[in-house]
Amino acid sequence: QVNWITPDVISNSCKLAIWVSDLSGNISADTLDATFPIDDGTLPTITVLTPIISSAIPEGDTLYVSWEAHDNVGIEWFDLYYYNDPSSIETSSFNIPATERSFAFEIPRPGVSDSAQIRIEVMDLAANINSDYSEYFSITDNTSPVISHLSIPDTSAFGIGSRMDIQISATDNVQVTGLDLNYSIDAGATWGPIIQGLFPVAGRPTYSWLIPDIPGDCQIQAIITDAVALTDTSYSELFTVTIEIG
């Protein structure tokens, strides 16, 4: 007997024949009566080419993925998985036809990460499966902060020299880094500063404003900024600044 490693062929009608010879050169042979199959046992190969470790993709932008793949009998499909970090289950997954060698999709929000990764799984026509991972790459902040609350006291008129508590709450997927408060007495055509770069943005009330000598209709503008200079802006209701007569 002999241990035989089957060759890289696929067939449902294989046969075996054995020849034997003696020292005098006499030969005899026998052939297996029945046929037998040889199935594909060769794994497909796949290599993820992009993204690479230097890639930095903003949240919400399009990520382009490319790869190489080969198989001795043909490829059935690809499955692509996106991981926001190594400890998470896949954030997104896609089934891709066998003819494709690239794919693009939108990075979900929020998803800032310095260790995002792509895994691509390939199955051949004989149901053999293999996979490969991309290098780790970065997802950068592209989600604007949000002002969830801006209000002033429920009073229609404030005297010059009085104080107004401006209440504001804001959130961001990473961190709010600054708050600018401005006022306008010309329906928003121009804005004057109340306070610039206030940080951190605490709970309500955030800032007590000493109202200057600006009689007439007035409005408050709040602008918050995050670490990558994305902003959100909100406006108060109109109110009147009056001259106090003592």
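**Reading cysteines and aromatic rings**

Cys 14 is buried, its relative accessible area being 12%, in what is a predicted model.

Me: How many disulfides does a search of the whole structure find?

Reply: A disulfide is, in general, a covalent bond that joins the sulfur atoms of two cysteines. In this predicted model, searching the whole structure turns up zero disulfides.

Me: Is Cys 218 buried or exposed?

Reply: Cys 218 is buried, because its relative accessible area of 0% falls under the 20% limit that buried requires. The value for Cys 14, 12%, makes that residue buried by the rule as well.

Me: How should I read aromatic pairs, and how many does the structure hold?

Reply: The general idea is that a pair of aromatic rings is described by two things, the distance of the centres and the angle of the planes. Here the structure holds eight aromatic pairs. One of them joins Phe 94 and Phe 103, whose ring centres are 5.0 Å apart and whose planes meet at 50°, so this pair is tilted. Phe 103 also forms an aromatic pair with Phe 105, and that one is stacked, with 6.4 Å from centre to centre and 25° between the planes.

Me: Which residues do ring pairs link into a cluster?

Reply: The cluster linked by ring pairs consists of Tyr 82, Phe 94, Phe 103 and Phe 105. As for accessibility, Phe 94 counts as partly exposed at 25%, and Phe 103 is partly exposed with a relative accessible area of 24%, whereas Phe 105, at 5% relative accessibility, counts as buried.

Terms used: Residues numbered from 1 in each chain as written. Predicted model: local features only at pLDDT ≥ 70, side-chain atom pairs only at ≥ 80, totals over all residues. Heavy atoms only, no water. Disulfide = S-S within 2.5 Å. Buried < 20%, exposed > 50% of the residue type's maximum accessible area, 1.4 Å probe, protein only. Phe/Tyr/Trp six-rings, centres within 6.5 Å; stacked < 30°, edge-to-face > 60°.
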